[in-house]
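User: I'd like to learn how to read a protein model feature by feature. Could you walk me through this one?

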Amino acid sequence: MALVCLRALPDDVVQLDRAVVLSHAKQVLPDVVSVGDPTDGLYPLKDETGESVGWAISTLPQAQKIQGYSGPSELLVIFDKDRKVKAVKFLASSDTDGHVEKVRRDGKFWSQWNGKSESSLGAAVSPIVVSGATLTSEAMARGVAARFGAEGMDQWFPAPLAMADVKKWFPDGDRISSNKNEGFYGVWKGKESMGTVLRSSRMGVSARGYNGTSDVIVALDRDGKKVLGIGFLGSRDNEPYVSSVKEEVKYADGFAGKSVKEILLEDTWVSPSLFTSGASYTNHAVVESVREMLSRHITDEKKGGFSWKSALAISWILLGVFFGISKAGGKKSIRYGFAVVSVAAGVGLGWMVSQDQLLGWGANGFGAGAILPLVVLTAAALMVPAFTGKNVYCNRICPHGAAQTLAGGLVKKRFHLPSKLHAMLVRLPWATLVVIWLLALMGSGLPFAYFEPFETWSSGFVAFIPAAIFTIGLVAAFFLPQAYCHYGCPTGAMLRFLTQSPSSWTRRDTIAGVLILVVSLYVFL
Ligand code: SF4
């Protein structure tokens, strides 16, 4: 139900505060006394007789993806009755306060649309921007154009990737092809693959330096395992920092020749691959972008078709389900033996059920590109407990649970928390689960992978928080049986909740089914 609600987070419906619209409208259309019901986001502005004397519309949701320095802005476009712009007004912004304030004070910026017809607003002409707040003002102006149909306004680096941009790594290459995933390119010599290029602006990777993002490319060898080098296609960050970093990359590309895995382990603030004195933020943003692109590249590689790896993974999952529901799985030797298999699967595959993954699928759908074994794993984790009352994922399959089982088996003396402390701590996973889902439903956009240790299994000890939860949980498991499972894991809490199902269809299931149907109809129709 909650997953369906996540899908329902509005992305094309913007409700405006009519009192705010009215107060803005009155400033330029004094006859307006009320704001009517919107059609396609366009609010009629009515006079005393109920006649429409103008219209108002927000630049959202189209402007949502267009970020200035640190976030999108929302403007209100007010038309007269001939659908000519009467005024464009500021509504809200998540951009940096100082820049927003500068734009708000600039009359020339706000009057640039006055008198224009609605049909001309979607033209992607160069807008008047505010000096000292260029990114914020340009993002706002792009938002207006996007609202009225201009394409690609969220694209700050519109030029396509050209052969000349990658020639230095692929001197024999003669053509570039786009991969099915945006931002992934293949470089070819005839029919022979030369390598891969990743492009940050097309992958939606936007690590910010001092004041803006850079369009960074990463060239990989034909196996996709070694980095040939990185380059800049453009930058909106501040000078002279960008130039310093560009020079550094041009003459001493520290990424060149390193393996993808090696770079993924680097600290983005003190990277041995790139160090530019006096330009630490730009430097950090470039390293962060490179790392993010490489991490997506690795995930993409893992999504390849049905392979022996997928076959092994599905066998592991099915065996885990079997041991989880059969009596044979209860034997100590099988429990420990299969725990070793699960830990090996976790290390080798890195596929785990997690809140971050479930929320991501809930919000975006998992699509045809999802890894099949991960879909099977998630289905087994969610559906088996609902139908059998047995939490097979936690009991047999989860690599992190299995690692704790093995850790516990190595130490004879076990501790137990005082009952009061235990009673208090067992609530933690539930509280975390509720917090995560509330934040998700509020559209917070937080990286939910940071609430759990599972990311560490796939990307190693890269992100500090998951790595810390991973380490503390496993060390604690030597002394407290399944410590993290009992006192920390929100996914475990969710799966335990599913085991409460009475294994047959009840009136509650009917009510839940109807609610899901209603929300689904609301979302999708
Ligand atoms: S409670 Fe969490 S860590 Fe433990 S087995 Fe279940 S999902 Fe894995």
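Analyst: Let's begin with the elements: helices (H or I, at least four residues) and strands (E, at least two) are DSSP runs, numbered from the N terminus. By that count the protein has 23 helices and ten strands. Keep in mind that this is a predicted model: local features need pLDDT of at least 70, side-chain atom pairs count only at pLDDT 80 or more, and totals for chains, interfaces and linings use all residues. Residues are numbered from 1 along each chain as its sequence is written.

User: What percentage of the residues in the protein is buried?

Analyst: A residue is buried if 20 or more other C-beta atoms lie within 10 Å of its own, exposed if 12 or fewer, and partly exposed in between, with C-beta atoms placed from the backbone. Here 39% of the 525 residues are buried.

User: Which residues have the most contacts inside the largest nonpolar core?

Analyst: In soluble globular proteins, nonpolar side chains tend to be buried together. A nonpolar core is a set of buried Ala, Val, Leu, Ile, Met, Phe, Trp, Tyr and Cys residues joined through C-beta atoms within 7 Å. The largest one has 40 residues, and Tyr43, Leu45, Ala56, Val77, Val88 and Val144 have the most contacts inside it. Elements giving two or more residues include β3 (52–58), β4 (73–80) and α5 (134–147). The largest share, seven residues, comes from α5. Apart from this core lies another, of 38 residues, with Met352 and Tyr487 among them.

User: Which residues is valine 77 in contact with, leaving aside its neighbours within four places in sequence?

Analyst: Contact means that two C-beta atoms, placed from the backbone, lie within 7 Å. With those neighbours set aside, valine 77 is in contact with Ala56, Ile57, Thr59, Val85, Val88, Val144 and Arg147.

User: Now the sheets. In what order do the strands of the open sheet with β1 run?

Analyst: Strands of a sheet pair through backbone hydrogen bonds, either parallel or antiparallel. Two strands count as paired if DSSP finds at least two bridges between them. In this sheet the order is β1-β2-β3-β4-β5, with antiparallel pairing. The edge strands are β1 (34–35) and β5, each pairing on one side only. Five bridges join β3 and β4, and tryptophan 55 stands opposite phenylalanine 79 in β4. Across β3, β4 and β5 lies α5, at about 55 degrees to β4; axes are lines fitted to C-alpha atoms, for helices over the stretch in contact, and angles run from 0 to 180 degrees between N-to-C directions.

User: And why is one side of β6 and of β10 left without a neighbour in the sheet?

Analyst: That sheet is open and antiparallel too, in the order β6-β7-β8-β9-β10. β6 (175–178) and β10 (227–235) stand at its edges with a single partner strand each, so one side of each has no neighbour in the sheet. The twist averages 25 degrees from one strand to the next.

User: How many residues of β9 are buried?

Analyst: In a regular strand the side chains alternate between the two faces of the sheet. In β9, seven of its seven residues are buried: Ser214, Val216, Val218 and Leu220 on one side, and Asp215, Ile217 and Ala219 on the other. β9 and β10 run antiparallel, joined by seven bridges, and serine 214 has serine 235 as its bridge partner in β10. They form a hairpin with six residues between them, and glycine 224 in the turn has a positive phi of about 75 degrees.
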